[in-house]
Amino acid sequence: MKIKDIVNRDRVTLTNCEHEPIHIPGSIQPHGFLLGITLDWKIDFCSANISSFLDVVHEEILGHKISEIFGAHAQKELYDYVHDKKAQPVFPLEIILQEKEFQINIHKSGAIYILEAEPQSNGKEQLADIYAQTIQFVSNMNNTRSLKELCALVAEGTREITGYDRVMIYRFDADYNGEVYAENCREDLEPFLGLHYPHTDIPVQARELYMKNQMRLIADIGYDPVPIFTIDDQENKNLDLSLSTLRSTSPIHVEYLKNMGVGATLTISLIHHNRLWGLIACHHYSPKNISPEIRLAAKLQGQFITSQIDLRQSNDEYEIARKTGKALERLTALSITLENDSFDIICSNPELLKLCNATGVSIAIGDKLHKNGLTPSNEKIQKIISSMEVYEHSRTFSTNKLSNFITDLDGYEEVSGIIYHSLGNGNNIIWYRPETVTEVNWAGDPEKAIIFDSKGLHPRNSFNLWKQIIQHQSKIWLQPELNAAASYAHSLQNQIIMLLLSEEEEKYRNLSDVLHETNLELENINWISTHDLQEPLRKIQLIASKVLSDTNEIPSVAIIDSLQRVTKSASRMQNLLIDILKYTRIKHTKGALQKLSLNDILEETYQDMKEIIVENKATLESQNLPEVHAVPFLMKQLFSNILHNSLKYASLKRDPVITITASQEPEINEYSNKVYCHWITFADNGIGFEQEYAESIFKIFTRLHTLEKYAGSGVGLALCKKIMQTCHGNIRAVGKLDEGTEITLYFPCDPSDSLSTEAEISKNKIERN
């Protein structure tokens, strides 16, 4: 059987240091030993130092079952402990191996149970003191108000319980740079309180392990790593020690601690909302180990902090939220008229600045800019607005460091922080905060956190105070301030919408008045054109006729021709005025729609037009027509116009044939998107027209032919369309040049039957599909 160690010997360089596999070092610290057990209880991994604790060596036990080495009773105890879900995660297993007492922690890594054994300590004797200290701590905790006070109390309590020389509460910012937020240490030690440490001091992979394993112990910084051995039965065989207590530490981290003069450490993760909020970092300046009971009590101290973070931060923000809430109430309660000048009143109100504790505010409405407080120049504000409009989150945006987003603003003293809200249509509101110059004390130059020389990669060895001046950033906007700003921006946007609606309403009211006056004038003109002009035309016709009949001398051919042309023109103009009068009268028709038979309408129309139909040798063919809801005299006018049109535009090549067909199947007309129950088609064999003119022929005074060729006013089909609109129907024309024309009339359903008709149409469509 071949045995090998799994020690990771890869050299750490600048290119791979952020990916150093610290979870698989292949070695442990020497204050305990480690066994890796398969699911069938065979020893597959063993640390080299097992002989320091028991009368066995790793070469002898690898590949054997636990029962073969330590007895069946020991294996059963281990089995029962692994399957006891209540006790196993909290307390270590106390077990006797070869008549020696050990405390064993067990966890599963893949398909391997990892057993970490340390000699039995006298921690139980300290439990009473730990309990008393914890009770006192809880009592004192209730007297703290802020999160900072609580963290200071935890630092003090953790040091009392553990006995470390220094205990720090280490808090991360958004970029994982750390700050010593609270501290308790020996009086002779230099305090680290308030010092900042760069994110490179605790790299990404280390933070990930702190999330998985919330306690990390190094009993002696100067330890020699103990290799782990295994049976060499597969390639790249390894053991993930992410959850291990004895896991060996990265050489770079060990060197870092040595540079600080630290001899032993205990680190407890502070996890809040699934994020590494901070650490409890305990330092001792000589080797130090603590019992599992004391470790558990220290871990409990960390849980006191994480359980209180939301509550304490809420207390810290409550007063701010209360003040911003009152400002918001006072602003929204203002009684302001819907006028453009009202934005000057809003902007000058001091509550608008109190709303989010800003020093300045601007409101851009249209091309006018309203400002109050400490604000940038109009040119700078316009540049900010332009930048926000092209920015990805242009509706709402906030930052305390505007220089990160607008790099060429030419000075950030009065505008380092903004809250921007778009109000739609180019309108916006912006709150401003000025630059707050701050001084950050770093524990050494953060730019020199990692040093690379001929001997490899090293952490910095200088932790002397290094001051950094932070410029071009404002005080951070707190969530209650952002919430209040968003609420008021929404309210302001509604006010702008109401103002625009009010302005539009006024504009339409004025347009309506102008339109009403114009219509009155047009009606007067129409009355003059259709009534007052009738009399002069009759006189022209009478005089021309009298001249032709009363003259004693026979007039010349030229005079007769001129008088005849005058009479003809006067008659044509008179007919045009009559058609215009018909057209305008339709919109004033007040007659209610009534149910009538189109067969009766067609018969009456035919009798009126019988002579002209016979004269044109026309044939009229008709199906049985339905009953519709319409105005009787308008229907008669409609049928008359369509038939006259067919006779007027008859082809010289053939006798006119006019066919009238009807359908009563409900359908949705593709042109009007309305439901129609009946449609009637007048089809003739006349000269037709090109389909591109199908819409224009229904416009008043539109003609496709000259007066010399076809007489008429150009009102007939426009009159037909007007009549169909009056009946809530529709009209459509289809023409084929030299073949004929089809005029289709669409009649709506009875309003009382419309719902059932639509349902029937839907049903018919489904059945057809």
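A cavity is a set of grid points where a 1.4 Å probe fits but cannot get out. The exercises below apply this to a predicted model.

**Exercise 1.** Find how many cavities of 30 Å³ or more the model has, and give the volume of the largest.

Solution. Step one: count. The rule gives two cavities of 30 Å³ or more. Step two: take the volume. The largest cavity holds about 40 Å³ of space.

**Exercise 2.** Describe the lining of the largest cavity by residue, element and class.

Solution. Start with the residues. Ile613, Ala618, Thr619, Leu620, Leu643, Leu647 and Ile658 form the lining. Next, the elements. Strand 25 (619-622) gives at least two lining residues, and helix 17 (632-648) also gives at least two. Last, the classes. The lining has six nonpolar residues, one polar and no charged. Thr619 is in the lining and counts as polar.

**Exercise 3.** Work out the volume and the lining of the second largest cavity.

Solution. Volume: about 30 Å³. Lining: Leu35, Ile66, Phe70, Leu78, Leu97, Ile104 and Leu115. Classes: seven nonpolar, no polar and no charged.

**Exercise 4.** Compare the sequence and space separations of Tyr79 and Trp41.

Solution. Along the sequence, Tyr79 and Trp41 are 38 residues apart. In space, their C-alpha atoms are 8.9 Å apart.

Definitions and conventions:
Residues numbered from 1 in each chain as written. Predicted model: local features only at pLDDT ≥ 70, side-chain atom pairs only at ≥ 80, totals over all residues. Heavy atoms only, no water. 1 Å grid on protein atoms, 1.4 Å probe; cavity = no way out; pocket = protein on both sides within 12 Å on 5 of 7 lines; lining within 4 Å. Points joined across faces, edges and corners; volume = space filled by probe spheres on them. Helix = DSSP H or I, 4+ residues; strand = E, 2+ residues; numbered from the N terminus.
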